[in-house]
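Work through the exercises below with the structure in view. Each task is followed by a solution in steps.

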Amino acid sequence: MSALTTNRFDLLRLVFAAGVTVFHAVALTAIAPDALLETSLGALAEFSIQGFFIVSGALVFGSLMRSDSLGDYAEKRVRRLYPAYAVIILVPALVSLIVAGPGAASGILRYLGANLVFLNFLAPDLPGLFDGQRFEAVNGALWTLKVEVMFYLALPFIAWLMRRAGKVQWVVLVCLYVAGEAWRFLLEPTLAAADASPTLLALAPELARQLPGQMAFFASGMGLWLVWEQAKQKTGSLGLMGLALFGVSTLHPVLEPLRPAGLAGLIAWAAFAPGPLLNAARYGDISYGLYITHFPILQGLIMAGVFATAGLSAGFAIAALLTLASSFLLWWFVEKPALRRDSHYRQAAKDG
């Protein structure tokens, strides 16, 4: 096994994708018996997304460090992210064309133009699909991919700054961490204190969760890559520190900026702790497929009345089967063929 596959990062990404999927299943079908359940699952989804960002920070930073050039780095990122993403954008557009007819072409083209370049918020809906449902967006999970891509674009510059910093490269990561958390938590009150326009204030929560608002999680992952070998030797210490920081971060909102560092410690423990590796990619790395397919599948089943006629249990079972099937199909017929032969994602499957 390679150094990149002797860990549980593939399993963690699958767990994180499942956490987001469970929350969306409850939210889209509006089955929560009370607000507490949906709030709790919402917190689970939030932690899962933040965990994704930490793992991406580590693995993508590592990918850049191993790349021969910026072109090599960019090629690997495009191959990993875009083919499956394009499929998950094009398929609903085709369904919309069939359902709504050629008269909806302008709306479909607007959707394609925005979503194919990750600007999902500009055109989240498609004509004839999901009208009147609790949420009408085609795929509400895709906003994080915009953040991912922004990080991919910024990373070469960040790495350049770290090289320039030399022995104090950690200062760069600390500054990114602090600046990201300041953006995430202070943007809205700062705009309110400055008497910003109502329109800008309404956008503030959405702007706060974009980059740089998520940078502390990416920076924590980058830090994890820098101590990769040491983390393997000190999993217990990292886990305990991570648990302590994460626990403290939940005590009061002012302490929440400790969460990225806490989650990074917990992720390092889960990835490197002694024991079976539990290779989640043995039969295919489906975490990305699970993440990008579950939302439109749930929406489609709701639109078709499956949950209303078959019941919630049957509806969730059908949704789970369709999502798993779609994820495996994406991996074997789209994602894997697009990857280079030396990709560690391919290696994970082969090592299984």
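**Exercise 1.** In this predicted model, find the residues that Tyr-288 touches, leaving out those up to four places away in sequence. Then decide whether Tyr-288 is buried or exposed.

Solution. 
- Step 1: Tyr-288 touches Arg-80, Leu-81, Ala-84, Tyr-85, Leu-145 and Glu-335, with residues up to four places away in sequence not counted.
- Step 2: Tyr-288 belongs to helix H12, which covers residues 287–303.
- Step 3: The relative accessible area of Tyr-288 is 10%. Buried means under 20%, so Tyr-288 is buried.
- Step 4: For Leu-81, there is also a polar atom pair to note: its backbone oxygen lies 2.7 Å from a polar atom of the Tyr-288 side chain.

**Exercise 2.** Determine where Thr-144 sits, whether it is buried or exposed, and what it touches.

Solution. 
- Step 1: Helix H5, residues 143–165, contains Thr-144.
- Step 2: Thr-144 has a relative accessibility of 4%. The cut-off for buried is under 20%, and therefore Thr-144 counts as buried.
- Step 3: Not counting residues up to four places away in sequence, the contacts of Thr-144 are Ile-49, Phe-53 and Tyr-291.

**Exercise 3.** State how many residues the largest nonpolar core has and which residues have the most contacts inside it. Then look for a second core.

Solution. 
- Step 1: The largest nonpolar core has 74 residues, and Phe-9, Phe-151 and Ile-292 have the most contacts inside it.
- Step 2: Helix H2 (residues 35–66) supplies the largest share of this core, 12 residues.
- Step 3: Return to Ile-292. Apart from residues up to four places away in sequence, Ile-292 touches Ala-84, Tyr-85, Ile-88, Asn-139, Leu-142, Leu-145 and Leu-330.

**Exercise 4.** Work out how helices H6 and H7 are oriented to each other, and what kinds of residue make their contact.

Solution. 
- Step 1: The axes of H6 (residues 169–193) and H7 (residues 198–208) come within 9 Å and cross at roughly 175°.
- Step 2: Angles over 145 degrees count as roughly antiparallel, so H6 and H7 are roughly antiparallel to each other.
- Step 3: On the H6 side the contact includes Trp-183, Arg-184, Leu-187 and Glu-188. On the H7 side it includes Leu-200, Leu-201, Ala-204 and Pro-205.
- Step 4: Sorted by kind, the residues of this contact are 10 nonpolar, no polar and 2 charged.

Conventions: Residues are numbered from 1 along each chain as its sequence is written. This is a predicted model: local features need pLDDT of at least 70, side-chain atom pairs count only at pLDDT 80 or more; totals for chains, interfaces and linings use all residues. Side-chain values use heavy atoms; hydrogens and water are left out. Helices (H or I, at least four residues) and strands (E, at least two) are DSSP runs, numbered from the N terminus. Buried means under 20% relative accessible area, exposed over 50%, partly exposed in between (1.4 Å probe, protein chains only). Contact means heavy atoms within 4.5 Å. A polar contact is a pair of N or O atoms within 3.5 Å; within protein, one must be able to donate a hydrogen and the other to accept it, and residues adjacent in sequence count only if both atoms are side-chain atoms. A nonpolar core is a set of buried Ala, Val, Leu, Ile, Met, Phe, Trp, Tyr and Cys residues joined through side-chain atoms within 4.5 Å. Axes are lines fitted to C-alpha atoms, for helices over the stretch in contact, and angles run from 0 to 180 degrees between N-to-C directions. Angles under 35 degrees count as roughly parallel, over 145 as roughly antiparallel, 65 to 115 as roughly perpendicular and the rest as oblique. Ala, Val, Leu, Ile, Met, Phe, Trp, Tyr, Cys and Pro count as nonpolar, Asp, Glu, Lys and Arg as charged, and the others, Gly among them, as polar.
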